Structure formats: structure tokens, C-alpha cells
Amino acid sequence: ADRDHYDTAWTLNIVAALIQGLLLFAIAPSVAHFYNDHRLILIVQLLALGTLVQGFENIGIVAFRKELEFHKDFNFQLAKKLISFVVTMAMAFWLRNYWALIGGMLVSRFMGVAFSYTLQSYRPKFSLAARGELFHFSKWLLVNNLLFFANHQSASFILGKITGANALGLFSLSYEISNLPSTDLVAPINRAIFPGYAKMAHDLEMLRQGYLNVFAAIALVALPVCSGIALLADPLVHVLLGEKWLAAIPLIQILAIAGLTQSLQTNKSSIYLALGRPRILTLLAVFHALALLPALVWGAMLDGAMGAAYATVMISILLMPINFFILSRILRLRLIRLVAVIWRPALASLVMIAAVGALQAVTRTGNTFIGNLGQLVILALAGSLVYSGAVLLLWRISGMKPGVETLVLGKLGGRYRSIFVKE
């Protein structure tokens, strides 16, 4: 990529942001009518302004990832998050209403643009010189992004219309919590590994092994965390959300399954993009949308937020083998190699579930904040210790073959490594 590519991408981002912003501004009254809430007019119009501003973000920041300078990318992302968090919390204590969320989002967009020019010396200029090359590839990414939005936000539109704001709030919060492993643990891994995949794309065996290594790392983290969220949903909600959100407990427990399946599959997107085959992602996303949307409508009409949760989980489970089958064909990857890297964390998670489930029954100390907090801390620590011990024990029993466990123990240092590995 040369300067023409960067400048053209920046120009197209601004054009896209302008179109999106104008569309949002124009449909704000219709959105308010759809949800029968006139307050949404101003909210949507302000968010349209944020969308327009974000389009001016310095395109040069993509070089942080391309050149594997992840500390710079981290500083950029962290600065935006911290500013947004501080503003949102301050406005929440001051206003005590939803405007705190809107204010935090807008400040994040404005500061993101400012930080992108502060942390990156590149200065883009308006140009469409490379529009032909970029459109050839990015047209699929545009469609993919639209389908991604439809698949992940359709529940909000459907529930908001069919069941109202209360069910929508419960589902949205439960979905957010249950998908934390995918959004906050796995997404950074995928964000960092994509440039590496792109460099491996010329060597299929190297790319295949790279995918297996990353998949093993994701499974090592996602399996226990998703299981833990489902197990600890009760004390978690009591401690972090309060009595008003108790109805979210069963939703979190159900949606944690969808969170796990999504976490294990997110890595495939980076593979297809690195191989220059975004059309596969588009076809998979279309199939997902065609299956999910009617299921959500049916579930929401049948049992509100709970029905939508079951529909989400059902579709995610049904599509998982299809996604892995296509990926295995692209990478010429045998299923046995996937099983070889996932069976230890899967079995260790089952051991953790059994141990935490048994301990949960004897640590109930009454429905008080201190009691729930104490139970949450005890169960979380116990689950972490049991899972770590089980994974390392299974790894040693299976012959201590090189893998994620080797990497983790290497980072821990000789004193801890010697407990499990004979030098």
C-alpha cells in the first residue's frame, strides 16, 4: 500500500461517514415512531453527528497493526476508552439519566479523531486515485459489515418492537455480559493476529499451524470464562447490577453458550481476509441472517427476551459445524487436529464446572451484598485454580507436547515451570 491507497481509503471513509450521518439524521423521526418514543429523535441525530466526526479519523493509525506496533495501537484505544469512561461516569452522577451514555459516546468519537492525529504523524489528503483497487476488495467488506450489524443488532430491533423496552434492556445487558469473552478477550487476539496471518498467507502449512496455535489460545481462555460467566451469573448480577436486574440471570446463563460458540469461531474471519477471500464471509453472514432473523421473531413472540435468547443459542450451535467444515476445506485441516488442541481445555472446564457447582452449594451466605461478593470471589478463585491445575495435569499426562501450555509456563519462569516440567 502506498500513499494513494491510504489517502483514498481516508477519503472514502469520510464519504461513507457523511452518507451514514445524513441517513441517520433523516430517519431519526421514523426511528422514534417505530419505538413510539419521541426522545429518540434528538438522540439519533446526535449519534449521526458522532458518526460523521469519526469518519475523519487519521487513516495512518492502521499502520500500527500492519507494522506490528501494538503498543501504539493499545495507547490509542486506551486513551479513547478512558476519556469515554470518565465522561460517562461523571455525567451519570451529575445527570442520572441516559444522556450520560450519549455524552460518553460523542466524546469518544471526537477524542478518537484528535488522538489519531496526535499519535500518528501521517497526514492524509483528499484523493480517489486508488478507488478501483480498493473497491474490488472493500465492496465485500462493506456487505460483510452490514450483515454483521444485522446479525448482532437485529435482536434489539425485534425485541424493541415486539416486547418493549424492558425486555430489550434485559436482553441487551445479558448479551453484553455473556459475550465479554468474545468482545473483550478474543477480539484483541484477532486484532493482533490478522497482520501475522497476512504474512503467512503465501504458505498454507504455516497459516494452518498459525490458526491452530491461535485457536488453542482462544479455547484455553474462552472455555473457562464462558463457563464461569454462566456458573456465577447469580452472584455476579447481585453484586454488579443489583436487585432490579435479577431477571437477567437466566438470560446470561443461556446466552453464555452463544458467547462460547462465537468466541471459538471469530478467528475464521481473519483467515478468510488474509487469504483475500472475503466473499466466503459474506455468504456465511447471509446464511446466518436468513436463519437468525425468523428464529428471533418466532422466539420473541413466543417468550419475549427468553425466547430470543434460546433462538440465538440454537442458531449459533447449528451453524458452528458448517463454519468449521468450510474452514477445514479452505485450510485443508483435518478435524482431529482441532480436537487435539481443544480437548484439554474442554475437559478441564468440565472439571471446573463440577467443582464450582459443588462449592456453590456450600458457600451460600444469604442474599446480602457482602455475602454475594464473598461467594463471587471464592468461586472465581476456586474455579481459576481448579481449571489451571486440570489443564496442566492433562497436558502432562498427554506427554507435554509443545503448545499453548508450553508458552504460558515459559512466561511464568523457571520456578513455576519446574513444578510441571522436568528439566
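The chain averages a pLDDT of 87, and 96% of the residues score at least 70. pLDDT is the predictor's confidence in each residue, on a scale from 0 to 100. This is a predicted model: local features need pLDDT of at least 70, side-chain atom pairs count only at pLDDT 80 or more, and totals for chains, interfaces and linings use all residues. Residues are numbered from 1 along each chain as its sequence is written, and side-chain values use heavy atoms, with hydrogens and water left out.

**Confidence**

- Helix α2 (residues 40-54) has the highest confidence in the chain, at a mean of 94.
- Helix α17 (residues 414-420) has the lowest, at a mean of 52.
- Where pLDDT is low, the predicted coordinates should not be read in detail.
- Helices are DSSP runs (H or I, at least four residues), numbered from the N terminus.

**Salt bridges**

- The structure holds five salt bridges; each is a side-chain nitrogen of Lys or Arg within 4 Å of a carboxyl oxygen of Asp or Glu.
- One of them joins Asp 37 and Arg 39, at 2.8 Å from N to O. Arg 39 is partly exposed, at 43% relative accessibility.
- Accessibility classes are buried (under 20% relative accessible area), exposed (over 50%) and partly exposed (in between), with a 1.4 Å probe and protein chains only.
- Another links Lys 72 to Glu 69, at 3.4 Å from N to O. Lys 72 is partly exposed at 32%, and Glu 69 is partly exposed at 23%.
- Glu 205 and Arg 208 also pair, at 2.2 Å from N to O. Both lie in helix α9 (residues 204-231), three residues apart, about one turn of the helix.
- An α-helix has 3.6 residues a turn, so residues three or four places apart point the same way.
- Glu 205 is partly exposed, with a relative accessible area of 38%, whereas Arg 208 is buried at 11%.

**Packing of α9 and α13**

- The axes of α9 and helix α13 (residues 278-331) come within 10 Å and cross at roughly 145 degrees.
- From α9, the contact takes in Leu 204, Leu 207, Arg 208, Tyr 211 and Phe 215; from α13, Phe 324, Leu 327, Ile 330 and Leu 331.
- These residues divide into eight nonpolar, no polar and one charged.
- Axes are lines fitted to C-alpha atoms, for helices over the stretch in contact; angles run from 0 to 180 degrees between N-to-C directions. Contact means heavy atoms within 4.5 Å.
- Ala, Val, Leu, Ile, Met, Phe, Trp, Tyr, Cys and Pro count as nonpolar, Asp, Glu, Lys and Arg as charged, and the others, Gly among them, as polar.

**Helix α12**

- Helix α12 (residues 267-274) is mostly covered, with six of its eight residues buried.
- The buried residues are Asn 267, Lys 268, Ser 270, Ile 271, Tyr 272 and Ala 274.
- Their cover includes α8 (180-200), α9, α11 (248-265) and α13.

- Asn 144 is found in helix α6 (residues 131-162). Asn 144 is buried, at 9% relative accessibility.
- The side chain of Asn 144 reaches the backbone oxygen of Pro 278 at 3.4 Å.
- Not counting residues up to four places away in sequence, Asn 144 touches Pro 278, Leu 281 and Thr 282.
- Gln 375 sits in helix α15 (residues 369-397). Gln 375 is buried too, at 5% relative accessibility.
- A polar atom of the Gln 375 side chain lies 3.4 Å from the backbone oxygen of Gln 360.

Technical notes. Helix = DSSP H or I, 4+ residues; strand = E, 2+ residues; numbered from the N terminus. Polar contact = N/O pair within 3.5 Å; in protein donor to acceptor, adjacent residues only side chain to side chain.
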